[in-house]
Amino acid sequence: MCEAGAVVQGGPAFYDRVPYFFTDRYDLGMEYAGHAEPGSYEDVVVRGDLASRKFIAFWLAAGRVPAGMIVNIWDVNDAIQHLVRSGEQIDRDRLADPDLPLEPLTAG
């Protein structure tokens, strides 16, 4: 339930959306979901090709993904938001493998 709806109905209000930011600049499109405070993560895993500017970056903290960033790859933001929201531990090698679809990694 959205916050405004909960307040109108007299129930507790909560906000469960994953923080989200996007930008499109010339030939670069980027979407960032979640939030990784500096110093709060141990690693950044890249899936894709940095040189071609088509990749997904995942911040990892204790095996979990607090944030992900899409660069010039489309239609995977829902899967990344689910991964962030789930709080599940994800295998680093599977996360980095572009041949594996993201959806099975976030199922559960």
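Predicted model: local features only at pLDDT ≥ 70, side-chain atom pairs only at ≥ 80, totals over all residues.

Reader: What makes β1 and β2 a pair?

Author: Two strands pair if at least two bridges are found between them. Six bridges join β1 to β2, so they count as paired. Within this pairing, R25 stands opposite L28 in β2. The two strands form a hairpin with two residues between them, and Y26 in the turn has a positive phi of about 55°.

Reader: Why is the contact between D27 and R53 called a salt bridge?

Author: A salt bridge requires a side-chain nitrogen of Lys or Arg within 4 Å of a carboxyl oxygen of Asp or Glu. For D27 and R53 the N to O distance is 2.8 Å, so the pair qualifies. D27 lies in the loop between β1 and β2, R53 in the loop between β3 and β4, and they are 26 residues apart. In general, side chains of opposite charge can pair when their charged atoms come close.

Reader: How many salt bridges does a search of the whole structure find?

Author: The search finds two. R92 forms a salt bridge with D43, with the closest N and O atoms 2.7 Å apart. R92 lies in helix α3 (residues 92-96) and D43 in strand β3, so this pair ties together parts that are 49 residues apart in sequence. R92 is partly exposed at 38% relative accessibility, and D43 is partly exposed at 27%.

Reader: Why is Q81 called buried?

Author: Its relative accessible area is 15%, and buried means under 20%, so Q81 is buried. Q81 lies in helix α2. Leaving aside its neighbours within four places in sequence, Q81 is in contact with V18, Y20 and A33.

Reader: Why is P19 called partly exposed?

Author: P19 has a relative accessible area of 49%, which is not over the 50% needed for exposed and not under the 20% needed for buried, so P19 is partly exposed. P19 is placed in the loop between α1 (3-8) and β1 (20-25). Residues up to four places away in sequence aside, P19 touches Y32, A33 and G34.

Reader: Which residues touch the most other members of the largest nonpolar core?

Author: They are F58, V65, I80, L95 and L102, out of 17 residues in this core. The elements giving two or more residues to the core are β4 (54-61), β5 (64-71), α2 (77-86) and α4 (102-106). The largest share, four residues, comes from α2. A second, separate core of nine residues includes M30, A57, M69 and V71.

Reader: What does V65 touch?

Author: Not counting residues up to four places away in sequence, V65 touches F58, W59, L60, L83, V84 and L95.

Technical notes:
Residues numbered from 1 in each chain as written. Heavy atoms only, no water. Buried < 20%, exposed > 50% of the residue type's maximum accessible area, 1.4 Å probe, protein only. Contact = heavy atoms within 4.5 Å. Core = buried A, V, L, I, M, F, W, Y, C linked by side-chain atoms within 4.5 Å.
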